Amino acid sequence: FFQKQLAASDTAKAYIKQRGLDAKSLSTFAIGYAPDSFNGLMDALGTDQRRKDLLEKTGMLSKSDNGRVYDKFRARLMFPIMDRRGRVIAFGGRVLAKDDGPKYLNSPETPLFHKGRELYGLWQVKQAHNKIPRLIVVEGYMDVIALFQHGITQAVATLGTATTPDHAELLFRNSADVVFCFDGDNAGRAAAWKAVESIVPRMRDGRQAFFLFLPDGEDPDTIVKSEGADGFEQRIAQSMTLSDYFFEELSKGVRLDTLEGKARLAESVKPYLAKMPDGAFRDLMAERLQSITGV
């Protein structure tokens, strides 16, 4: 339904052209458009009570305070979210104009969809690789698609939520190397630290995590368009290792030339070390702490 609406909407097609999305991307990611009407989807699919109930159960409808039921997604570019077997379990919708409500709207949690357990684009990455060499975690749907379009077919996005322990498990189950790519602003740094907290307890030997912070106001979509795939790859090659980022972040505001500062760092690192799986990585992290603090 959404794909048919896209083909029929001049506004949506103009937006897609402006964002530089090609026909292959539209097909690979099954992108569509939710028309600007309160019951376009309901009229097309909710033709009896049973179907209407199903639409409601899968989060496709909303209910007003006075009990009126209407389409949840209206006048938005639609991105289907697939499960690990390529079945559509939810949607993300993006506004075409800046002022039309929240920029992104995701399906609510439903019996099919738990956003803390799914990654947008993972199905497409799996189709592109027999063995996934690495995964690049970005923040938005458009970032994933822009990277794919430039030949970087290992990008996935969390669905409007921080990186959860389930995400971390899913990422490492699919690839031993994971690059987290965030904005360099405060929100990006906060998101990166959330990722650290989720991946540290899963850093078994052989796994690697990296952190790439982009310049203010840039995202993977804009970077790959201005610098090309080579420019983006170059940035990834210079990304920080988990260990460097971890110690840099926990050392912020700590005077390591004092005994008190060293004690404070040792104290703040201890709980993270306790959560790390036994192995060489944990031993090396403890050794690094010892070399910094003497503890």
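Gly93 stands opposite Leu105 in strand E6, strands being DSSP runs of at least two residues (E) and helices runs of at least four (H or I), both numbered from the N terminus. The model is predicted, so local features need pLDDT of at least 70 and side-chain atom pairs count only at pLDDT 80 or more, whereas totals for chains, interfaces and linings use all residues. Residues are numbered from 1 along each chain as its sequence is written, and side-chain values use heavy atoms, with hydrogens and water left out.

Strand E6 covers residues 104–106 and pairs with E5 in the antiparallel sense over three bridges; two strands pair if DSSP finds at least two bridges between them. E5 also pairs with strand E4 (residues 76–82), again in the antiparallel sense, over seven bridges. In this pairing Ile81 stands opposite Ala90 of E5. Five residues separate the strands of the E4 and E5 hairpin, in which Gly86 takes a positive phi near 85°. Strand E5 (residues 88–95) is largely enclosed by the rest of the structure, because seven of its eight residues are buried. Buried denotes under 20% relative accessible area, exposed over 50% and partly exposed in between, for a 1.4 Å probe and protein chains only.

His129 lies in the loop between helix H6 (122–128) and strand E7 (135–138). His129 counts as buried because its relative accessibility is 17%. Its side chain is joined to that of Thr153 by a polar contact of 2.8 Å, that is, a pair of N or O atoms within 3.5 Å; within protein, one must be able to donate a hydrogen and the other to accept it, and residues adjacent in sequence count only if both atoms are side-chain atoms. With residues up to four places away in sequence not counted, His129 touches Thr153 and Gln154, contact meaning heavy atoms within 4.5 Å.

Two cavities of 30 Å³ or more were found in a search of the whole structure. A cavity is a set of points on a 1 Å grid over the protein atoms alone where a 1.4 Å probe fits but cannot get out, and lining residues have an atom within 4 Å of a point. A volume is the space filled by probe spheres set on the points, which are joined across faces, edges and corners. The largest cavity has a volume of about 40 Å³ and is lined by Met82, Asp83, Arg84, Glu118, Leu119, Leu122 and Trp123. The second largest cavity has a volume of about 40 Å³; helix H7 (residues 141–149) gives the largest share of its lining, three residues.

Definitions and conventions
On a 1 Å grid over the protein atoms alone, a cavity is a set of points where a 1.4 Å probe fits but cannot get out, and a pocket is an open set with protein on both sides within 12 Å along at least five of seven lines; lining residues have an atom within 4 Å of a point.
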